[in-house]
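Student: I would like to learn how to read helices and surface features in a model such as this one. Could we go through the terms together?

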Amino acid sequence: MFAIEVVKAIILGIVEGLTEWLPVSSTGHMILVDEFMRLNVSKDFMDMFLVVIQLGAILAVVVLNFERLNPFSRQKTYLKKRQTITLWGKVIVGCLPAAVIGLALNDFMEEHLMNAYVVAAMLILYGVLFIVVENYNKHRRPTITDVDHLDYKTALIIGFFQVLSLVPGTSRSGSTILGGILFGTSRVVATEYTFFLAIPVMFGASALKLFKFGLTFSFEEAILLLVGMVVAFIVSIISIKFLLRYVRTNDFKAFGWYRIIIGILVFVFIYI
């Protein structure tokens, strides 16, 4: 029944909205959910769905930060408009590594790495890294405590960390947050910049997927995609607000332990 497929799309939207912004790997979780609860659609549509559903999540960032990201706002002074344009410049610089390397490796990654084994391994590896980095960072003071003070060099370095997220299970937000913390940003700055960095990356990835798939949806496929995106948008609003509150007073070790536990459980499930 089609109603069951809609329920599956709702569940996938919830998973996307929860995990896109938390450093636990949305793509990894979506692949895992797909292993156990498959939509009754073609493989080509599913490959596109898992990427394009992220548009709902990224629209949540745009809506929540529209005034801050809008350089043409009449409410802003000339200086504030300049700061916004500069922020977009740093976002573009941070996107360059993923744009160049991601396009070159995209097909290889999809063919060889989109599976539960890789996801489980990366969940564990980056879970350990979060704990190690937070222990290393425990007695260090961040040198960049405001996203407007982020320099272009650090933005580019964080952009190279984003390339690591091409491997499923890594987490785009997780890799960029780790890069930011290691190179002197506060957790809040690393998190905020990660959100902004996602806007062109995810729009670009979604556009590429749609172009490859073609705009030849059946009515049922269009409904499933729309439902997934809307649910991802609503849940992302909640996730983003939660994470920004959380990182003001907490570190990322809890997410590290979560990743390790989930990764181990996936390996156990695979072998059992």
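Tutor: Buried means under 20% relative accessible area, exposed over 50%, and partly exposed in between, with a 1.4 Å probe and protein chains only. Helices are DSSP runs (H or I, at least four residues), numbered from the N terminus. This is a predicted model, in which local features need pLDDT of at least 70 and side-chain atom pairs count only at pLDDT 80 or more, while totals for chains, interfaces and linings use all residues. Residues are numbered from 1 along each chain as its sequence is written, and side-chain values use heavy atoms, with hydrogens and water left out.

Student: Which exposed residues does the face of H12 turned away from its buried side carry?

Tutor: That face of H12 carries Leu265 and Phe269. In contrast, Phe255, Gly256, Arg259, Ile260, Gly263 and Val266 of H12 are buried.

Student: What do the buried residues of H12 pack against?

Tutor: Contact means heavy atoms within 4.5 Å. The buried residues of H12 pack against helix H2 (26-36), helix H7 (116-137) and helix H11 (219-247).

Student: Is Asn70 buried or exposed?

Tutor: Asn70, which is found in the loop between helix H5 (66-69) and helix H6 (78-112), counts as buried because its relative accessibility is 17%. Leaving aside neighbours within four places in sequence, Asn70 is in contact with Lys76 and Thr84.

Terms used:
Helices (H or I, at least four residues) and strands (E, at least two) are DSSP runs, numbered from the N terminus.
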